[in-house]
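Please have the sequence and the structure open while I talk.

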Amino acid sequence: MNMSLTFLFTSISVLCIFLFFALTGLDAEIMVILVPVVFFIYLFLIFFYILRNKLGENIFVEIGFLNVAFLLIYTIFPAFLIIGGMLLDDNPLTSLLPDNFEAGKHFWRHFILAFGIVIGFLFFRGNIGIKTYKPIKNVNNHNLILLFCILIIIFSNFMFLTFSAPVETYYENYTRFDHLPTPLRMLISIFIRFNWGLYSLIFLFLFLDYEKYKKIIPYVVIVLIALDIFISKGSRIQSLLTIVGIFCLYNIFVNKINFSKIILSGISIVFIFTLIAALRIDQGGIEALDFASFILNLSGELGSVYYTGFHLYEQRSLDILPYAPWQMFFYDFWAVTPFLDVTSWAPMNWYHLNYFPDALVPPMTLGPIANSALWGGEYDLFFRGILCGIFYALLTRMFLSNRDNWIITAIYVFCFSTTIYIMKYSIFYHMQLIIKTLLPVIFLCWFISKINFSLSSNTKKVKN
């Protein structure tokens, strides 16, 4: 009953806010943006209440919920900038928005994707919630695996520093190994993936014995994040993935984090990450930092999903989209095929060559919204959303059925931490991440866990 009353109160509140804006004569150019955003917020609240009613209160570690929450953030922020007239001249959205009516139309596409995810997730998720539990320590050679993770991470970063070309700017971070011969560049690529996968696994093994390692976990977090930001010249994505993964592990193995702490922590992280990015632009340091560059970085990241989607749908409406090879539609499946060069079929590379050919590296990513513009439009987008929701629902159910299996837990936590990539790349992007990045390091850790180091000592006892 309380849940029904809360849901009713929320619905009435959203309706009243909407009517207030409509009846106070708000400009039509603002309403066309506000309406789809308000509908999205309302959809998100409905999704929240249904999940809480079905699964209990610990829904913040539901991967489907996190995905919709990220998409909402990537929707609200560009809407706020457009309505407030706060787009800076350097923001790519400035050159693409002919009027607010076209801008508002595209926010409905964000809603369509979210609606598809919600439907797919709710229909296939089931009714068993994710509860906080104390894990069974069933991993042999636990300490040895942790040592292996630490040594490979140290060695990987040593290789990155040793073989890297000089890096003065953020974008040069993406071309720092281009000067190397092909075999060495391939080796570096392998260690980049090892490093990424082990960043996730090392915290899983620390949390599997939380009482023993709880005092050193904060220090490991700080050191690894600082190391990553230093080597990448200010790239924050790996740090964000690490923080989201730790959030998931803490909720699952230790205690549920309440909503107020999540909000405060989220605001602090956004502020710190945006400050790092602004300092990355203003090489003069804190003294040279200006507010415009600070906002530019935040709007550039949180507007990236909107920008490419709007751009390609605009090109689609004008019937001037460049030719896209049919192989590009199946890029996620080609990308996991060994020894197959699929660069020419990568949507991000296609966008780079056709719209930003002079850029050193692809300046934009193409998420499911932008990709749908190349193929089936809004119907395609809705179907992508449903498939994404189904995948997350089945992944969650697999985790709940095997939660004492550290490998299945590792896959779920890794997918949870990398959920943000889905809206920036594709709904099947996790296939590449799991197969190429996570499974190789899982296999190495599993192999170490199967080594019987007591064999030699038992042999000595027999001889004596």
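What volume does the largest cavity have? It comes to about 110 Å³, where a cavity is a set of points, on a 1 Å grid over the protein atoms alone, at which a 1.4 Å probe fits but cannot get out, and where the volume is the space filled by probe spheres set on those points, the points being joined across faces, edges and corners.

Before I go further, a word on the basis of all this: the model is predicted, so local features need pLDDT of at least 70 and side-chain atom pairs count only at pLDDT 80 or more, whereas totals for chains, interfaces and linings use all residues. Residues are numbered from 1 along each chain as its sequence is written, and side-chain values use heavy atoms, with hydrogens and water left out.

Rolling a probe the size of a water molecule over the atoms shows where empty space is left. By the rule I gave, there are three cavities of 30 Å³ or more. Around the largest cavity there are 14 lining residues, lining meaning that a residue has an atom within 4 Å of a point, and those that lie nearest the centre are Y199, S200, L241, T242 and S417. Two or more residues of that lining come from each of α6 (182-208), α9 (237-253) and α17 (406-417), with helices taken as DSSP runs of H or I, at least four residues, numbered from the N terminus. It is α9 that gives the most, six residues.

Let me turn to charge pairs. Side chains of opposite charge can pair when their charged atoms come close. How many salt bridges does the structure hold? There are five, a salt bridge being a side-chain nitrogen of Lys or Arg within 4 Å of a carboxyl oxygen of Asp or Glu. In one of them the side chains of E62 and R125 meet at 2.8 Å, N to O. Because E62 lies in the loop between α2 (28-55) and α3 (63-83) while R125 belongs to helix α4, this pair ties together parts that are 63 residues apart in sequence. Both E62 and R125 are buried, which by our cut-offs means under 20% relative accessible area, with exposed meaning over 50% and partly exposed in between, for a 1.4 Å probe and protein chains only.

Two further salt bridges sit within single helices. D380 pairs with R384, the closest N and O atoms being 2.3 Å apart, and both lie in helix α16 (residues 377-401), four residues apart, about one turn of the helix; D380 and R384 are again buried. In helix α4, K105 and E102 are three residues apart, about one turn, and their closest N and O atoms are 3.6 Å apart. Here K105 is partly exposed at 42% relative accessibility, and E102 is partly exposed too, at 33%.

Two loop residues deserve a look at the backbone. N141, although it is not a glycine, has a positive phi of about 55 degrees; N141 is placed in the loop between α4 (100-125) and α5 (142-163) and is partly exposed, at 23% relative accessibility. D319, likewise not a glycine, has a positive phi of about 60 degrees. D319 lies in the loop between α12 (304-317) and α13 (331-334) and is exposed, with a relative accessible area of 69%.

Conventions
On a 1 Å grid over the protein atoms alone, a cavity is a set of points where a 1.4 Å probe fits but cannot get out, and a pocket is an open set with protein on both sides within 12 Å along at least five of seven lines; lining residues have an atom within 4 Å of a point.
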